[in-house]
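Subject: Structure handover and notes

Dear colleague,

I am passing on the structure that we discussed, with my notes set out below it. Please read them with the model open beside you.

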Amino acid sequence: MSMEGLKMSWMVRGIAKVYSMVAAMLLCIVATCSFSACQKDSDDPTPSPEDSKYAESRTVLVYMVAENSLNSKVHSDVAEMLAGMKDVTLYPEDRLVLYVDDVQMPRFYVIDKNTEALTLTDLTPALEYKEDVNSASGDELGKALEQAKKLCPAKSYGLVMWSHAIGWIPSASWTPSAAKPRRTFGVDNGRNTSVNDGPEMEIADMARALESKDTLDFILFDACSMQSIEVAYELRNATKYLVSSPAEIPGPGAYYTTMVKALFKRDNYAEAILQAYYDYYTTVDTKYGLVMSIVKTSALPAFASYMKMVVAEHREELLEADYSGVLNYLYASWTNYIHPDFYDVQGIMKMVMDEDEFAQWKQEMAKVATCKHASGWYSIYNNKINPIDDAQCSGVAMHVPRSVYGRSRLHLNEAYLKTDWAKAVWKE
């Protein structure tokens with residue numbers, strides 16, 4: 001996409017409002033004919049190991065929840081994907097499957113390295129829905145992943161979650177008052193408009209939908225504020241790697257012309273995805289800044305056990321400390337405590353640990369996360385670049401259930417203690 005004329009006032013992908021609920025509709029019958037190269041003769045969508053056609057194949061589903069203010073970004077991002085898929089180094093059976101729910105009916109597209117189209121308008125859908133559905137639901141996400149596997153069976157699968165988002169916080173369906181919004185992943189307003197109100201996807205529902213399928217190689221959140229330890233732990237059985245930001249990402253999101261190649265790398269693909277995202281906003285478009293990280297989900301259970309001991313040792317300090325100097329990706333005061341603070345877990349640990357204990361903690365954290373960051377990141381909330389203290393930065397946020405987030409602050413702690421991470425680490 002052209003980056004000319006972008007301004008700091010552009011909507012970042014973490015901004016959304018919640019109120020209406022939309023019932024999920026039935027998926028229509030898939031239209032066959034144009035995409036036989038992606039489909040097997042058998043009804044089984046999973047290729048057999050001896051099937052040489054699929055020996056090196058990967059299908060990546062890009063799940064675009066854009067029935068909201070991001071619908072204007074769909075065409076430019078898809079144009080970038082079409083350009084990126086022409087990379088000659090891609091394997092012949094590599095496919096991008098796009099699920100697009102914007103201001104039109106939801107639909108699927110299939111793109112490979114031979115696709116001639118240059119724009120979304122030039123593409124022919126592989127499947128079109130006859131009725132609208134709530135794409136901001138775990139059920140629809142699970143159906144979309146199954147449909148992607150049927151359209152393009154492969155040896156391995158990746159997922160790009162594309163929309164608004166704001167971490168582990170429960171959606172409006174949970175909160176005691178509908179007038180007190182909560183934000184998590186996606187917004188589907190159910191009216192095929194650009195308005196940011198409607199249901200959102202709970203992280204627990206996302207996890208249930210994904211972990212019932214084969215484990216994904218990776219999930220890339222092209223969305224704000226999704227790299228928290230709470231989100232990663234909830235998705236520990238759904239994917240091998242999680243690539244995301246604990247802060248707001250720039251409004252344009254990933255630059256897919258170069259990102260596509262990373263999505264289809266066979267070795268060190270998580271590192272390649274992180275590098276591609278980081279490189280664009282530190283070498284091409286440098287005005288926004290960025291902080292991104294990888295979480296290795298197989299390391300999370302052991303880390304949770306370790307953190308349970310850390311929390312037990314430092315519980316009083318953690319609950320009562322002055323956090324004013326800790327690296328914070330989303331200040332609660334910016335949103336009048338509708339959201340909690342998003343403190344970097346490393347900044348928290350640095351504050352409460354002595355030097356030797358903190359050195360040991362960093363070794364444990366290094367088994368879980370790899371981070372890349374610019375000198376700061378742009379936030380729409382205070383309309384400026386906010387500096388990043390490298391000594392405090394792991395690229396992963398963590399909530400601390402302090403009294404300031406209690407009942408007088410919109411039930412945030414009550415919600416938090418229902419997360420898998422809180423049950424594993426904070427429960428006494």
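Helices (H or I, at least four residues) and strands (E, at least two) are DSSP runs, numbered from the N terminus. Before going further, please note that this is a predicted model, in which local features need pLDDT of at least 70 and side-chain atom pairs count only at pLDDT 80 or more, whereas totals for chains, interfaces and linings use all residues. Residues are numbered from 1 along each chain as its sequence is written, and side-chain values use heavy atoms, with hydrogens and water left out.

E10 and E11 form a hairpin with four residues between them, and Tyr378 stands opposite Ile385 in E11. Asn383, in the loop between E10 and E11, has a positive phi of about 55° although it is not a glycine. Asn268 also has a positive phi of about 55° without being a glycine; this residue is found in the loop between H5 and helix H6 (269–284), and Asn268 is exposed, with a relative accessible area of 55%. Here buried means under 20% relative accessible area, exposed over 50%, and partly exposed in between (1.4 Å probe, protein chains only).

Within E10 (residues 369–379) lies His373, which is buried, with a relative accessible area of 19%. The side chains of His373 and Asp390 are joined by a polar contact of 2.8 Å, the term standing for a pair of N or O atoms within 3.5 Å; within protein, one must be able to donate a hydrogen and the other to accept it, and residues adjacent in sequence count only if both atoms are side-chain atoms. Leaving aside residues up to four places away in sequence, His373 touches Tyr278, Leu290, Val291, Ile388, Asp390 and Cys393, contact meaning heavy atoms within 4.5 Å.

In helix H1 (residues 74–84), the buried residues are Val74, Asp77, Val78, Glu80, Met81, Leu82 and Gly84. Their cover includes strands E1 (58–65), E2 (95–101), E3 (107–111), E5 (156–162) and E6 (216–222), together with helix H5 (256–263).

Lys213 lies in the loop between helix H3 (203–211) and E6, and Lys213 is buried, with a relative accessible area of 18%. Not counting residues up to four places away in sequence, Lys213 touches Gly142, Leu145, Glu146 and Lys149. Lys213 and Asn237, 24 residues apart in sequence, are 9.8 Å apart in space, C-alpha to C-alpha.

How many disulfides are there? With a disulfide taken as a pair of cysteine sulfur atoms within 2.5 Å, the count comes to zero. Cys152 is buried, with a relative accessible area of 1%, and Cys224 is buried, with a relative accessible area of 0%.

**The chain as a whole**

The protein chain contains 11 helices and 12 strands, and buried residues make up 60% of its 428 residues. Of the contacts in the protein chain with a separation of 6 or more, 75% are between residues 24 or more positions apart. The accessible surface of the protein chain comes to about 16800 Å², of which 50% belongs to carbon and sulfur atoms; accessible areas come from the Shrake-Rupley method with a 1.4 Å probe, and for residues only the protein chains shown count as cover.

Terms used: Pairing = 2+ DSSP bridges.
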